[in-house]
Amino acid sequence: EYMGVPEEMSVTVEGLRAEISKIKERNAATEAEIKRLRKGVVDQLIQAEQEEEFITNRLNKRLDELRIEKEILAQQVAAEEEHLARTLQQKLAKVLISLSTELVRTHLFTIYRLPKKKSNFFGN
């Protein structure tokens with residue numbers, strides 16, 4: 001007997017105490033595992049947020065580069081259009097001058113040659 005408790009009950013109490021001790025140890029191990037897993041999840045979330053921020057920053061930088069490139073190309077196209085317009089105006093002016101000159105020559109040639117042709121035309 002142990003303090004008035006029969007021996008078979010004492011063994012059972014000791015067994016229960018041992019079982020409670022084992023359960024407490026398993027509970028502590030489980031809590032430690034849960035804590036470790038939670039920390040792992042938090043670490044993964046932090047890493048995912050950092051990667052997301054890195055990707056977002058990289059994409060924003062690329063967008064800025066593309067906007068700048070677009071602006072440069074737009075300026076180049078505008079300059080090329082202006083150059084082509086000037087070149088075409090100059091060529092058109094030369095063609096108009098050439099046509100005017102040719103028209104004047106033809107007209108003068110017709111004026112000075114016409115009397116001879118009239119006399120030849122009427123058989124004179």
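Glu102 and Arg105 lie three residues apart in helix α1 and are therefore separated by about one helical turn; helices are DSSP runs of H or I with at least four residues, strands are runs of E with at least two, and both are numbered from the N terminus. The side chains of Glu102 and Arg105 meet in a salt bridge, with an N to O distance of 3.8 Å; the term denotes a side-chain nitrogen of Lys or Arg within 4 Å of a carboxyl oxygen of Asp or Glu. Glu102 is partly exposed at a relative accessible area of 42%, whereas Arg105, at 53%, counts as exposed. These classes are set with a 1.4 Å probe and protein chains only: buried is under 20% relative accessible area, exposed is over 50%, and partly exposed lies in between.

The model is predicted, so that local features require pLDDT of at least 70 and side-chain atom pairs count only at pLDDT 80 or more, while totals for chains, interfaces and linings use all residues. Residues are numbered from 1 along each chain as its sequence is written, and side-chain values use heavy atoms, with hydrogens and water left out.

The protein comprises one helix and zero strands. Helix α1 covers residues 7-121. Of the 124 residues, 1% count as buried.

The structure holds eight salt bridges, among them the pair formed by the side chains of Glu33 and Arg36, at 2.5 Å from N to O. Both Glu33 and Arg36 belong to helix α1, where three residues, or about one turn of the helix, separate them. Glu33 has a relative accessible area of 35% and is partly exposed. A further salt bridge joins the side chains of Arg67 and Asp64 at an N to O distance of 3.0 Å. Arg67 and Asp64 are likewise placed in helix α1, three residues apart, about one turn of the helix. Arg67 is exposed, with a relative accessible area of 53%, and Asp64 is partly exposed at 42%.

Glu82, also located in helix α1, is partly exposed with a relative accessible area of 49%. The side chain of Glu82 makes a polar contact of 2.9 Å with the side chain of Arg86. Such a contact is a pair of N or O atoms within 3.5 Å; within protein, one must be able to donate a hydrogen and the other to accept it, and residues adjacent in sequence count only if both atoms are side-chain atoms.

Leu92, Val95, Leu96 and Leu99 make a nonpolar surface patch of about 380 Å². Patches consist of residues with over 30% relative accessible area and no salt bridge, like charges being joined within 9 Å and nonpolar side chains (Val, Leu, Ile, Met, Phe, Trp, Tyr) within 5 Å. Leu92 is found in helix α1.

Technical notes:
Areas by Shrake-Rupley, 256 points an atom, 1.4 Å probe, with all protein chains shown as cover.
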